[in-house]
Amino acid sequence: MNIEYVEVEGSSHSSILQLVEVSGSASEGTFRSEADALRRQRKDFTEKALDILNDLRGSGELCDAILRVDNCSFVVHRNILSASSSYFKALFTNKAFQTHEPPQLQEVQLSDVSSDIVAHLIDFAYSRQVLITSDNVESLLLAADRFLMAPLVKSCCEFLKRQLAPENCLGIAVFARTYFWSGLEKAAMQFAYHNFNDLVARSEEFLDQEVENLCELLSSDNLNVRNEELVFEASCKWVHHRELSRRQEMGRLLKTVRMGFLTIKYVVETVKPHSYVRENEEAKNLTLEVLKYLCNLNVDPRQQVQLELSFPLTRPRVPHEILFVIGGWSGGSPCNIVETYDTRADRWLVAGSADRGKRVVLSRQKCYVSAVGLKGMVYAMGGFDGHVRLNTVERLNPNTNQWSYIQPMMHQRSDAKATVLDDKIYICGGFNGQECLNTAEYYNPSTNHWTLITPMRNRRSGVGVIAYNGMIYALGGFNGITRMNTVIDDMLFVIGGFNGVTTISHVECYDSLAGECGEWYDAAELSLYRSALSACVVANIPNVQQFVTIPSTPGTLTLNSTDSNLNMGNASSPVPLDDVPQQQNVNILNQLS
């Protein structure tokens, strides 16, 4: 059983803070210290007063009301309950509870609530403390909501958020929706979206969902699935759980699958012959329409993007991780352009604010920069600007789309590598313009400070650095050209580089889960030809849509076609089309018809 002890702060401190802010001309530091002192004094006074009142309640002294629940009675002070509950405040200030002469206890009969829960509510009113457990949280939350005890409602909701798991998130979401706790519902659904694979594999709640709730879950743009095959298989699993009554829902469920991202082979060999699809007229017709799309029939290529946006089955879902490519060597000089990659749509976008048409660029042009993501931020360290090696560090806040300089490194270094361990950034090796480096240092974001650590035994430029099992590993490294790589959605990406003749924009990804030995695939090409770039992955960006917006849609940023570095090759389609000749596609459709 999970138990958590929660202390809920009152709201009386705000008046003290206002008093400090207008009480003289002292410095900001003085205001802060005075505010802290007054907070402590007020908290100490409040705690002592509540302790005394709680002792008086225990001895039945100065009490002026009785709460009766089942066969239990609780003597209380009306003013204390009124301060904690809008419900009791309205009740006790009613004319029926005006002071009598001589003073007498007023009784209140409470129904549809247990005496144990009422005891918790009273304890909270007197101490601002409550024992929340997995056994009592539901009843406690319902009672706190009924009696309008907002701080306790908040504490219960926060407790449930911390208890979210694949086995219970859908039930908590339904529970929260029933009582209009929107914050809890949102958190539960976000957890379900992000952990969809585990949810389908382990949750009995998933199998017991009503069809309306299931369709809402499966159709969400935020559903975190590696491919749409998983959504189809989850739909079949739900139907199979109660096959006789649910077969008729297959057409409705199939509409939640982004079938435009399935391969022709999968649709023909798995979806079409499935008994749930074959025996449902709506599902059969939908499968035929999708095959027409996948075979590139009756679709004008010029309308491809518009179709993807308007037709739900071809609209990519929002990725939960974004791959950032930063700086690099392009067109004979360093560049400061940042691109982001959407794995769901297989598209690159020059990072920028879609509503302002503003590029997110580094403060200066540089290549051989080291990049990592930490706590939703992107860090770009060192590099070469075409003249000198740098020790400067820039940090991108995706929420504001702004780069800012932070504390520089101890050493100038380019072609170094960085990694994250225990919420700190470690950077190793590199080249300072004269020699390869063996130095290493780490950055602590909480203190904005770099600290040197023990040097490596060998000097390394172009070194590979990873954090694994609580340790930092420095791998390989040599003087010369190196190609950058990173991992996203369990795939390894090789981005850009130099092929011995020219800088390239080619991108490949290695899927370790494909086949027995894995497979390499061509991904969408970069917008720029570049080498000596750096890449990192950032997860769970709140405004992720700004980094995956399709460039050719209104209001978004596109590179100027006159840019000499722009890759003018054919854009990669977001649909994973098979290498099937057009005539063979026609034959497939004829057979299906």
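The protein has 20 helices and 27 strands, where helices (H or I, at least four residues) and strands (E, at least two) are DSSP runs numbered from the N terminus. Of its 593 residues, 46% count as buried, buried meaning under 20% relative accessible area with a 1.4 Å probe and protein chains only, exposed over 50%, and partly exposed in between. Among contacts in the protein with a separation of 6 or more, 61% join residues 24 or more positions apart; contact means heavy atoms within 4.5 Å.

Residues are numbered from 1 along each chain as its sequence is written, and side-chain values use heavy atoms, with hydrogens and water left out. Because the model is predicted, local features need pLDDT of at least 70 and side-chain atom pairs count only at pLDDT 80 or more, while totals for chains, interfaces and linings use all residues.

**Helix packing**

- The axes of helix α7 (residues 150-162) and helix α9 (residues 182-194) come within 10 Å and cross at roughly 5°; axes are lines fitted to C-alpha atoms, for helices over the stretch in contact, and angles run from 0 to 180 degrees between N-to-C directions.
- This angle makes α7 roughly parallel to α9, given that angles under 35 degrees count as roughly parallel, over 145 as roughly antiparallel, 65 to 115 as roughly perpendicular and the rest as oblique.
- On the α7 side the contact is made by C157, L160 and K161, and on the α9 side by G183, L184 and A187.
- The residues of the contact of α7 with α9 divide into four nonpolar, one polar and one charged (Ala, Val, Leu, Ile, Met, Phe, Trp, Tyr, Cys and Pro count as nonpolar, Asp, Glu, Lys and Arg as charged, and the others, Gly among them, as polar).
- Helix α16 (residues 264-271) packs against helix α18 (residues 281-294) at an angle of about 155°, with their axes 10 Å apart, and α16 is therefore roughly antiparallel to α18.
- In α16, I264, V267, V268 and V271 meet T287, L291 and L294 of α18.
- The contact of α16 with α18 has six nonpolar residues, one polar and no charged ones.

**Strand pairing**

- Four strands form an open sheet in the order β17-β18-β19-β20, with antiparallel pairing; two strands pair if DSSP finds at least two bridges between them.
- The edges are β17 (417-421) and β20 (449-453), each with a single partner strand, so one side of each is left without a neighbour in the sheet.
- From one strand to the next, the twist averages 25°.
- Five bridges join β17 to strand β18 (residues 424-428) in the antiparallel sense, and K417 stands opposite C428 in β18.
- Elsewhere, β6 pairs with strand β8 (residues 333-342) in the antiparallel sense over four bridges, with T340 of β8 as the bridge partner of F324.
- Strand β6 (residues 321-326) is largely enclosed by the rest of the structure, because five of its six residues are buried.

**Surroundings of L67**

- L67 lies in strand β2 (residues 65-69) and counts as buried at 1% relative accessibility.
- Leaving aside neighbours within four places in sequence, L67 is in contact with C72, S73, F74, V76, L81, F88, F92, V108, L110, V118 and I122.
- L67 and V108 are 41 residues apart in sequence and 4.9 Å apart in space, C-alpha to C-alpha.
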